[in-house]
Amino acid sequence: MVENAGMNAASGPVALKEWASAVRALEEGLQIIVLRKGGIIEETRDFRLVSPRFYLLPTYEHQRRELLKPEFRTLVDETVAAWSPDADTVRISVFAEAVEDIELSDQEAVDRLRDYHIWTDAFAEERLKWKRKQPLHLLLLRIYRLERPIDVPLRASYLGCKSWVRLEDELADAPKHPVLPDGKFSEEVDKIRRALA
């Protein structure tokens with residue numbers, strides 16, 4: 001069940017900040033999940049799904065190769081190579097719909113997800129243990145690739161360790177195409193639900 005709280009989607013587009021390598025994995029259909037606990041300066045002090053539909057805003061600064069499984073580490077190399085710390089824009093190429101927000105609180109459940117994401121066991125465990133009293137949110141995402149990526153100004157309000165940002169610029173309603181066909185997406189969702197059952 002997804003929750004709509006906090007930022008009102010009617011007042012402008014919302015974006016979830018995520019490692020550029022994870023955004024690339026979602027865009028390429030390598031995974032359909034993200035694991036979130038919230039940023040250090042989260043307004044609510046924990047993660048909340050503020051909108052069931054959102055853009056993904058790639059971030060680059062905190063990516064670490066060693067926190068991705070060896071076969072996915074090139075995603076960090078590729079995304080960092082295409083980025084400049086002096087950039088004044090950021091490219092958005094992905095839109096997401098949260099199909100489900102599942103709260104995880106035990107290591108066994110997190111371990112059962114290891115085949116469905118790019119991160120190492122150590123990283124997944126670290127995410128669970130941080131802010132120990134708060135659950136780890138597993139977002140099951142239907143991912144759409146924008147037909148034309150959008151370069152948006154990188155504004156000061158987007159910076160900092162927080163999950164959500166309100167995009168301050170109007171975004172043209174570019175056509176979107178699902179990364180995975182309906183049947184394949186349903187199959188992946190079922191596998192994850194069975195793993196957690």
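Which residues does Leu-141 touch, not counting residues up to four places away in sequence? The close-ups below, all taken from a predicted model, start with that residue.

**Figure 1. Leu-141 and its neighbours.** Leaving aside residues up to four places away in sequence, Leu-141 touches Leu-26, Ile-32, Val-34, Phe-54, Ala-96, Glu-97, Ala-98 and Phe-185.

**Figure 2. The largest nonpolar core.** Here we meet Leu-141 again: together with Phe-54 and Leu-56, Leu-141 touches the most other members of this 48-residue core. Strand E5 gives the most to the core, with 6 residues. As background, nonpolar side chains tend to be buried together in soluble globular proteins.

**Figure 3. The largest cavity.** The structure holds 1 cavity of 30 Å³ or more, and the volume of the largest cavity is about 40 Å³. Its lining is made up of Leu-26, Gly-29, Gln-31, Ile-32, Leu-141, Arg-142, Ile-143, Val-179, Leu-180 and Phe-185. Strand E5, which spans residues 136-153, supplies the largest share of that lining, with 3 residues. By type, the lining residues divide into 7 nonpolar, 2 polar and 1 charged.

**Figure 4. Ser-93 in strand E4.** Our last stop is Ser-93, found in the strand that covers residues 89-104. Is Ser-93 buried or exposed? Ser-93 counts as buried because its relative accessibility is 13%, and buried means under 20%. The side chains of Ser-93 and Glu-27 make a polar contact (3.2 Å). Not counting residues up to four places away in sequence, Ser-93 touches Glu-27, Tyr-144, Arg-145, Leu-146 and Pro-149.

Conventions
Residues numbered from 1 in each chain as written. Predicted model: local features only at pLDDT ≥ 70, side-chain atom pairs only at ≥ 80, totals over all residues. Heavy atoms only, no water. 1 Å grid on protein atoms, 1.4 Å probe; cavity = no way out; pocket = protein on both sides within 12 Å on 5 of 7 lines; lining within 4 Å. Points joined across faces, edges and corners; volume = space filled by probe spheres on them. Helix = DSSP H or I, 4+ residues; strand = E, 2+ residues; numbered from the N terminus. Nonpolar A, V, L, I, M, F, W, Y, C, P; charged D, E, K, R; others polar. Core = buried A, V, L, I, M, F, W, Y, C linked by side-chain atoms within 4.5 Å. Buried < 20%, exposed > 50% of the residue type's maximum accessible area, 1.4 Å probe, protein only. Contact = heavy atoms within 4.5 Å. Polar contact = N/O pair within 3.5 Å; in protein donor to acceptor, adjacent residues only side chain to side chain.
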